[in-house]
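Notebook open, structure loaded. I want to look up charge pairs, nonpolar cores and ring pairs, one entry at a time.

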Amino acid sequence: MPRSRAELPRLTGLLVLLFLLPVFPFSSSSSSSSSHPQWVLQHIPVVIPQHTEARPAPHFLSQARLDVTSTCDPECHKKAPHPSYWDLRSLLAYETLHSNGRLTETAIRIYGYNPNSNTTPAYLTGSSGKAERSHVRRKRQIFGHDGRFSIAGQDFLLKYPFSVAVKLSTGCSGTLVGDRHVLTAAHCVHDGKNYVKGAQRLRVGFLKPKQRDTQQSSFHLLSNFTNHVEGGPSPYAPPTSDIMKFQWIRAKRTHVPKGWIKGNANDIGMDYDYALLELKKPHKRRHMKLGVSPPAQGLPGRRVHFSGFDNDRPGQLVYRFCRAGEETSDLLYQHCDAQPGASGSGVYARMWDGRRRRWERKVIGVFSGHQWVERQGASQEFNVAVRITPLKYAQICYWIKGNFMDCREG
């Protein structure tokens, strides 16, 4: 039965009261939690829809760009004024593209968030770490020795965490973050002005072998490989194989924050280069949980990881890890080797979950692409990921769950 308008103010007041209550970090007495970096339970604000209205149909004219550029370097981002509550409501409003071509725009409300307090982890820690920089502009997005691994063999590709990586029909990568949801970069479906060609009939590809791989590979080797790159001894590089194919699933809906769309974003709209796809049917793979991005110095070895479909290695899933460098409240700069096609990949970390008493991987960002800026007459290069802040976590989680009560912990 619909609620009367007289009840709405009381419901809103109750919602604010619920979500202004503090959520405290957990602690654990186990030796694992005391000796290893661990996920910290964070207070998550509430981002919920207010009203939705129809928008003019998109044109789908331009090709998707597999990389993005920006003239704003880390110092530029750090000097930008903090958005107000009303700015955030405008930036976190979002468009939804439906598979039939219909476009809607949704305004949002925010509860339990104080824009005057720096609640983003990078500011809480006062992080000012400097990334190693290159002063030569390269055509390739590789920094020194190519540190990427091509993942092959059925026992590798179809097992977690590599199995969460998917390919978009527009040429980018994405990550499974729900039973039918894929996190990717906004520029993979929207160029900042309009939706790109292929966005209306967007498909998501799951890489799998055409036939069972007869090369030697086992779960034991997979465990050794992933354990190395997340903090163990020397790497095992699995053999490459060309006997791969994709199984495709159509996207039903695509959500893009207005912070990415020009005319509504400021000069650093790159902070909102993320999008969520809802598939027409569930996939049958394990997905990776979302997490609020911790400060780089809180990551094990300051390392970040991601897998994607770099266009210089067609038909192959490419994994890499590297040390995180500079960071702002919304962006993480690093020198992970990557090529166009990898953008949209979920950047993740593996840390100890003290409450569940186990190691847990969580997606903490979205790989946006290669950036270069002119600083004092010299080109400086970065690879950049959009960090999942508490507000972005609240928004993306709501898109996935459809219920803010399931999005209180990040």
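Entry 1: I looked up E278 and got a relative accessible area of 12%, so it is buried. My cut-offs: buried is under 20% relative accessible area, exposed is over 50%, and partly exposed is in between, with a 1.4 Å probe and protein chains only. Before going on, a note that this is a predicted model, where local features need pLDDT of at least 70, side-chain atom pairs count only at pLDDT 80 or more, and totals for chains, interfaces and linings use all residues. Residues are numbered from 1 along each chain as its sequence is written, and side-chain values use heavy atoms, with hydrogens and water left out.

Which residue does E278 form a salt bridge with? I found R253, with the closest N and O atoms 3.0 Å apart. For the term, I take a side-chain nitrogen of Lys or Arg within 4 Å of a carboxyl oxygen of Asp or Glu. R253 sits in strand 9 and E278 in strand 10, so I log a link between distant parts of the chain, 25 residues apart. Helices (H or I, at least four residues) and strands (E, at least two) are DSSP runs, numbered from the N terminus. R253 has 24% relative accessibility, so I put it down as partly exposed.

Entry 2: I counted 10 salt bridges in the structure. One of them joins E95 and K258, where the closest N and O atoms are 3.1 Å apart. E95 is in strand 2 (residues 94-98), and K258 is in the loop between strand 9 (244-257) and strand 10 (275-279), so this pair ties together parts 163 residues apart in sequence. Are E95 and K258 buried or exposed? Both are buried.

I also checked K289 and E360, which form a salt bridge with the closest N and O atoms 3.7 Å apart. K289 lies in strand 11 (residues 289-290) and E360 in strand 16 (residues 358-375), so parts 71 residues apart in sequence are tied together. K289 is partly exposed at a relative accessible area of 32%, whereas E360 is buried at 5%. I then followed shared partners: salt bridges join R55, E95, E105 and K258 into one network.

**Entry 3: nonpolar cores.** A reminder to myself: in soluble globular proteins, nonpolar side chains tend to be buried together. By a nonpolar core I mean a set of buried Ala, Val, Leu, Ile, Met, Phe, Trp, Tyr and Cys residues joined through side-chain atoms within 4.5 Å. How many residues has the largest nonpolar core? I get 75, and L183 and L290 have the most contacts inside it. Helix 8 (residues 390-401) gives the most to this core, with seven residues.

I listed the contacts of L290 (heavy atoms within 4.5 Å). Leaving aside neighbours within four places in sequence, L290 touches V177, L183, K362, V363, I388, Y393, I396, C397 and I400. Another core lies apart from the largest one; it has 17 residues, among them W39, A296, V304 and C336.

**Entry 4: helix 8.** I found 10 of the 12 residues of helix 8 buried, so it is largely enclosed by the rest of the structure. The buried ones include Y393, I396, C397, W399 and I400. I checked the length too: at 1.5 Å a residue helix 8 should span 16 Å, and its end C-alpha atoms are 16 Å apart, which agrees. The expected span is 1.5 Å times one less than the number of residues. G402 follows helix 8 and has a positive phi, near 70 degrees.

**Entry 5: rings.** My search of the whole structure gave 10 aromatic pairs. Y94 and W399 form an edge-to-face pair, 5.2 Å centre to centre with 75 degrees between the planes. I count rings of Phe, Tyr and Trp (its six-membered ring) as paired if their centres lie within 6.5 Å; planes under 30 degrees apart are stacked, over 60 edge-to-face, and the rest tilted. Y94 is in strand 2 and W399 in helix 8, 305 residues apart. Both Y94 and W399 are buried. The rings of Y319 and F321 have centres 6.2 Å apart and planes at 35 degrees, so I log that pair as tilted. Y319 is buried, with a relative accessible area of 0%. Ring pairs also link Y94, Y272, Y274 and W399 into a cluster.

**Entry 6: whole chain.** I noted eight helices and 17 strands in the protein chain. Buried residues make up 56% of its 410 residues.
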